[in-house]
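Please look over the model below before reading my notes. They are meant for someone new to it.

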Amino acid sequence: MLLRFHWPRFVAACQRRYGNAFTLKVTSLGPVVFLADPQDIKEVFTGDQSPYRAGEANAVLRGLLGDNSLLVLDGDPHRDWRRLLIVALGRDAVARHTDMIMEVTAANVSSWPLAREFPVARRLEQITLEVILRAVIGATNPDRLTELREVIPRILNMHPFATLAVAYPGLRRRLPWRAVNRDFELLDRILLAEIADCRADPDVDARTDALAILVRTVPANVGGQPITDIELRDQLMTLLVAGHDTTGAALSWTLERLLRNPTVLEEARRAAHRSAAGDPTGDDYLDALLKESLRIRPVVFNVVRGIHRPVELAGYSLPAGITVAPAIGLVHACPESYPEPTRFAPERFASDHVNPSTWIPFGGGNRRCPGSAFAMFEMRIVLRELLCRVDFTLVEDGDERQRVKHFALVPHRGVRISVGSVRPSRCARTQ
Ligand code: HEM
């Protein structure tokens, strides 16, 4: 319970009491050794990988993402799929979506209410969902898009009771979980229809979405086997789930921090206008701002690795069968790495160089988030549009608490704002 409702604060209290390595018993995982020392975490991320199995530790996600999801694979199948997804999500691939991201943001913003308070987090999630639908599966069929816009949030926002059907798929045939089952079946049908259309599309070579890139760059194999529709479905589900709520939450935290720091907000607005005018110093500032936001409010508080064979770590002999959890949130709050760690200060990231041991919002090593370049690029464009076009003020005082939503931490009140005006013109630059 403590972990569910007060996760970051509880884990930070444990660190203060027990030091940089301590064990907690977590439902569904058993004993979990939390790590807060960057050197120990570096060892887990980039040292000998043979003791670690992230896929095994993520096994609970199989019921949601499927048995072939990158998140639940280990070993060679994980390596092969990862290579493909990195190409499909690379910076070049996402840069081709700039106009689409701007249009999606503009369309959403134009429906925001004026002079009335509302939680902006929901709107930001709609933007990131729309972007991921178009960029990952290239969905353009209006009927399917409408269904996806409804069914994906329903699945991702399901009641904790309903999530039992994710952990135990056998439950889905029983009455209390039949609605969940219908949603899963609907989503399956749509994704499989998109895959079939993509395979048959004579213009697949001209398409820029991740599905098309996967279908055409890998006509025949992963590990020597033809790629099945079910494998593609599982990877699409993974990208939709891993790439939408996380990016939405990161944007929400960025606005939450900005609106509570008026001086930084003013600097950010100036940077957004410079960025829109093609001045790279504007992009640099927005990137620094996003990095600081991901530092001070990491969306994923810790990652996990199952231990497959005994290993020496953090001065302890850890047995096989337990889990280690590099604690991103604790590393980011360390005053030795970040003086005055609770101060929101984008200037910490003024230089291009970030220390890969102490800035780890995307995890690390051979499991580091393959969507990080996509997310950073998308967030910069969305943030630039918002800062250039919208006059917003915060209507709630006091910092928002970090609430656990599945595997992400989101602002508990949803960042309530009031909008004075929305400028119709888009930011000038297309890049
Ligand atoms: C701000 C946004 C995001 C954050 C904070 C984030 C964070 C993370 C983290 C912490 C991990 C686990 C890394 C580890 O275990 O070491 C991860 C994995 C992953 N992320 Fe992201 N992510 C974001 C956006 C995205 C996007 C946009 C996509 C795809 C479109 C994506 C796809 C994935 C996938 C497929 C994995 C599994 C990687 C593997 O197991 O090899 N993420 N992400």
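The points below cover the iron site, the nonpolar cores and a pocket.

1. Basis. This is a predicted model, where local features need pLDDT of at least 70, side-chain atom pairs count only at pLDDT 80 or more, and totals for chains, interfaces and linings use all residues. Residues are numbered from 1 along each chain as its sequence is written, and side-chain values use heavy atoms, with hydrogens and water left out.

2. Iron site. Cys369 (SG) is the only protein donor of the ligand's iron atom, at 2.3 Å. Donors are N, O and S atoms within 2.8 Å of the metal (3.2 Å for Na, K and Ca); water is not among the atoms, so sites may look incomplete. Cys369 sits in the loop between helix H16 (328–332) and helix H17 (372–389). Helices (H or I, at least four residues) are DSSP runs, numbered from the N terminus.

3. Main core. A nonpolar core is a set of buried (under 20% relative accessible area, 1.4 Å probe, protein chains only) Ala, Val, Leu, Ile, Met, Phe, Trp, Tyr and Cys residues joined through side-chain atoms within 4.5 Å. The largest has 128 residues, and Leu258 and Phe392 touch the most other members. Helix H13 (residues 229–259) gives the largest share, 13 residues.

4. Another core, of 17 residues, lies apart from the largest one. Phe22, Val304, Ala327 and Leu409 are among its members.

5. Pocket lining. The lining of the second largest pocket has twelve nonpolar, six polar and eight charged residues. H1 supplies the largest share, eight residues.

Notes. Helices (H or I, at least four residues) and strands (E, at least two) are DSSP runs, numbered from the N terminus. Buried means under 20% relative accessible area, exposed over 50%, partly exposed in between (1.4 Å probe, protein chains only). Ala, Val, Leu, Ile, Met, Phe, Trp, Tyr, Cys and Pro count as nonpolar, Asp, Glu, Lys and Arg as charged, and the others, Gly among them, as polar.
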